[in-house]
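Welcome! Let's walk through some strands and helices of this model together.

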Amino acid sequence: MDQSAAMKALVTGATGFIGGNLVRELLKQGYQVRALVRKASNHKNIQGLDIEMAFGDLRDRECLDRALEGCEVLFHVAASYTFWTPDPRVIYETNVKGTENILTAALAKGIRKVVYTSTESPIGIRESGSFGTEETEVKPSELAGHYKKSKYMAERLALKMYHEGLPLVVVNPTVPVGPFDIKPTPTGQFIVDFLNHRMPAYVDTGLNVVDVEDVAKGHILALEKGRIGDRYILGNRNITFREILEILEQMTGIRAPRLKIPIWLALGAAYVDEFMTGTILRKHPRIPVAGVKAARRFRYFDCSKAIVELGFPQTAIEEALEKAVRWFRQNGYAS
C-alpha cells in the first residue's frame, strides 16, 4: 500500500549515516521531507537534496513543535553514536532527553505514526548461544559504555510513550555499512583503518551486518507495515570479524591482519589508549574501551520477523561492503 502520496515526514538525524540514506530513499519513494538539523552540524550528506530544512536542536522543545508543524509522520533517527566522549552528559542529553522531547512533541501534535531508530544494543543474547530476537531482553549490566546505556534508556522511554498513546514502531538496526558514513561511525572507522593499513591485529568476535540502504528501506517499511508498539530487528548476516576482514582483503587486495589478540589484551590496550589519548590529550582514542567490551560476545540475531512481516530486503553483505569502500575512497577517507 502506497502511503507516500503528498505525505510529509520529519526526519531527525538527516545529516548522519542512516538518516542521510533514509532521506534519499524517502525522496525516491515520493515522500516530502523536512529535516531537523543543527546549524553547527555538517550538512554535506543532504546538500542539494529537494528537502525542507528546519534548524533546531533536540534539547529545545519549542523548535521541535515548529519542526513538526504540517508533518504527518516522524522518523526519529538522530543520536549521538560514539563509544567515547569527553563529556558523557552530552550523549544522555541527546539520546535520552532529546528522544523524550521529540516524542512528547509528536504526541501533542497528533502525528499519525512515528518510527523510532533504536539499535541492536537493547536486544539480548541468550546464554545458550542462540540468536537474539525482538523478544530477548538485555540485562542492563551487559551494556558497555554510555552510548549503549543511553540507547537502552531511550528505547524504554519510547515504548513507554507508546503505552501513553503515541503510535510508535521501533526499529533496531544491527551493524549497517555502506555510503554516506560521513563521521564515520565506529563500524565505518574500522573499514577506513583497514583501507589505510592501520589494522595490525583483530579480536575474535562476531556481529550482524546489514546494508545501510536496506536499513533506510526498512524504516519506510516499518512506517507502512509495522505494527504499533512492536520492534523490528533490521539486520542481515551473522558473520565473524575475521570473515569481514577476509571479504575486504579479496575486494581490495589489502592483506588482512593475521594476528588475533585476546580480548583481555585488547581491553588493556584500550584502557591505556583512552587514558593517554582521551584523558590527557583530549582527543578521540583509536581504541575506545566500550568498543572492545562490546566485542566480548558474538552479537548474532534472528532477523526473520522484519523479513516476513515487513518484506525487509537482504542485500548481500559483500555488495554493502563494496559500496562502503567505494564511498570512503571517493570522499577522501582512504586512497
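In strand β10, Leu234 is the bridge partner of Pro173. This is a predicted model, where local features need pLDDT of at least 70, side-chain atom pairs count only at pLDDT 80 or more, and totals for chains, interfaces and linings use all residues. Residues are numbered from 1 along each chain as its sequence is written, and side-chain values use heavy atoms, leaving out hydrogens and water.

β10 pairs with β6 in the parallel sense over four bridges; strands pair if DSSP finds at least two bridges between them. Helices (H or I, at least four residues) and strands (E, at least two) are DSSP runs, numbered from the N terminus. From β10, Arg231 and Ile233 point one way and Tyr232 and Leu234 the other, and all are buried (under 20% relative accessible area, 1.4 Å probe, protein chains only).

A further sheet is open, with mixed pairing and the order β7-β9-β11. Because β7 and β11 stand at its edges with a single partner strand each, one side of each has no neighbour in the sheet. β9 and β11 run antiparallel, joined by four bridges, and Val209 has Arg237 in β11 as its bridge partner.

| Elements | Angle |
|---|---|
| α5 (residues 186-195) and α11 (residues 317-330) | roughly 70 degrees |
| α11 and β9 | about 75 degrees |

Conventions: Axes fitted to C-alpha atoms, helices over the stretch in contact; angles between N-to-C directions. Buried < 20%, exposed > 50% of the residue type's maximum accessible area, 1.4 Å probe, protein only. Contact = heavy atoms within 4.5 Å.
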